[in-house]
Amino acid sequence: MSTCPACGSGSTAKLFEVTADQASRSFVSPRQYPDRSRKLISHLSLLWGRDTCDIRKCADCGFGFADPFVAGGAEFYNLAAPHPSYPTMKWEYARTIEELNGLGTSGKTAIDVGAGFGYFLDHIKDKLFRASDLYAVDYNEAAQQALRSKGYKTFSVDLREDGFTPMKEAFDVIFMFQVFEHMDRVDDVFARLKYLLKAHGSVFIAVPNDIRTHYMEGHGSLIDMPPNHIGRWTKEAFDAVCRRHGLQLSICEREPFNLLKFLREDIVDSFLRRAEKPGSVSEFVRGLPRSKAQRIGQAVIALALSPSRLPAWAYAARNSSTLGNALWVKIDKGA
């Protein structure tokens, strides 16, 4: 049995496995991009050292994880998602800003790890932090250019690596929004977070809600596919890794459920799950050349299939209090 990366328990069980071909189809349509699809399948097999990856769950802290527990790197993301897009506002942004307003941030320094195009930093620049006190980390070249154009001090390397050079206790606040679920070597991450945080500093992390992930995979929607997401974090898992590194899990909240947002996302995600099936009508339409007609075709099929989602929606309605998109935590460092 594989050891839990979050709490160290040996009591983990296999939930299911995915193949390199199945994982590749989740990211790239082989009809639309056959060459990129073949390269991605080959890359995944090399990354895992085999043609399959297991999804396991810890009986003690509930942490779900890919086995092998190895993150996708630059080559994976260049093949799987060469043109990323980022929302300008999310619930975890607003919740973090609410918390920052109560902390007092004048003269403090902050860094956003996985900053994208800097949309969160834009919300706090000149309102909570001076622009000169804001830093950003991102691998994507387009994101780096956008961050620099806005005046943010930008790093393009893994914060765990030697190329990331900020001094010890450099930051009062660290942000990691929808980033930590992508990362392996979690003890190295937390060791570096503690190293970088000033005394009484705080880390704000948002990850996918594990309960929402379980709903999606059990009701015909998208699989939270490795090696994009390799960790499925719970409150108990965060608490375990925090205690191991002398940090304090202070707040843990789930995003409130929004019915209209949920329905829109579920219709799209369930269509995409069907489109991963070779030979299906959904796969054929998804694989057409990108155009307005293709987008309309996908929307028509997704809406036509939506009545079949009624049992899944009934389940979601009964359990809506736990099915928001994100799990958000505030972690503090003592004196």
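Student: How many of the eight residues of helix α1 are buried?

Tutor: This is a predicted model, in which local features need pLDDT of at least 70, side-chain atom pairs count only at pLDDT 80 or more, and totals for chains, interfaces and linings use all residues. Residues are numbered from 1 along each chain as its sequence is written, and side-chain values use heavy atoms, with hydrogens and water left out. Helices (DSSP runs of H or I, at least four residues) and strands (runs of E, at least two) are numbered from the N terminus, and a residue is buried under 20% relative accessible area, exposed over 50% and partly exposed in between (1.4 Å probe, protein chains only). Helix α1 (residues 20–27) is largely enclosed by the rest of the structure, because the number of its eight residues that are buried is six.

Student: Which elements do the buried residues of α1 pack against?

Tutor: The buried residues in α1 are Ala 20, Ala 23, Ser 24, Arg 25, Ser 26 and Phe 27. Contact means heavy atoms within 4.5 Å. By that rule, these buried residues pack against β1, α2 (34–48), α3 and α11 (281–286).

Student: In what order do the four strands of the open sheet stand?

Tutor: Two strands pair if DSSP finds at least two bridges between them. Seven bridges join β1 to β2, four join β2 to β3, and two join β3 (residues 64–67) to β9. The pairing is antiparallel, and the order is β1-β2-β3-β9.

Student: Which strands stand at the edges of the sheet?

Tutor: A strand with a single partner has one side left without a neighbour in the sheet, so it stands at an edge. That describes β1 (12–19) and β9 (231–232).

Student: How many of the seven residues of β2 are buried?

Tutor: Strand β2 covers residues 52–58 and is mostly covered. Of its seven residues, the number buried is six.

Student: What phi does Gly 62 take?

Tutor: Gly 62 belongs to the hairpin of β2 and β3, which has five residues between the strands. Its phi is positive, near 80°.

Student: What is omega for the cis peptide bond that joins Pro 226 and Pro 227?

Tutor: A cis peptide bond also joins Asp 67 and Pro 68, with omega about 15°, and Pro 68 lies in the loop between β3 and α3 (74–80). Pro 227 lies in the loop between α8 and β9. For the bond that joins Pro 226 and Pro 227, omega is about 0°.

Student: How are α8 and α10 set to each other?

Tutor: Axes are lines fitted to C-alpha atoms, for helices over the stretch in contact, and angles run from 0 to 180 degrees between N-to-C directions. Helix α8 (residues 210–218) and helix α10 (residues 259–275) pack at about 45°, with axes 11 Å apart. Angles under 35 degrees count as roughly parallel, over 145 as roughly antiparallel, 65 to 115 as roughly perpendicular and the rest as oblique. The two helices are therefore oblique.

Student: Which residues of α10 make the contact with α8?

Tutor: From α8, the contact is made by Arg 212, Tyr 215, Met 216 and Glu 217. From α10, it is made by Phe 262, Glu 265, Asp 266, Asp 269 and Arg 273.

Student: Which residues does Asp 187 contact, leaving aside its neighbours within four places in sequence?

Tutor: Asp 187 is found in helix α7 (residues 186–196) and is partly exposed, with a relative accessible area of 29%. Its C-alpha atom is separated by 37 Å from that of Ala 317, 130 residues apart along the chain. With those neighbours left aside, Asp 187 is in contact with Pro 5, Val 241, Arg 244 and His 245.
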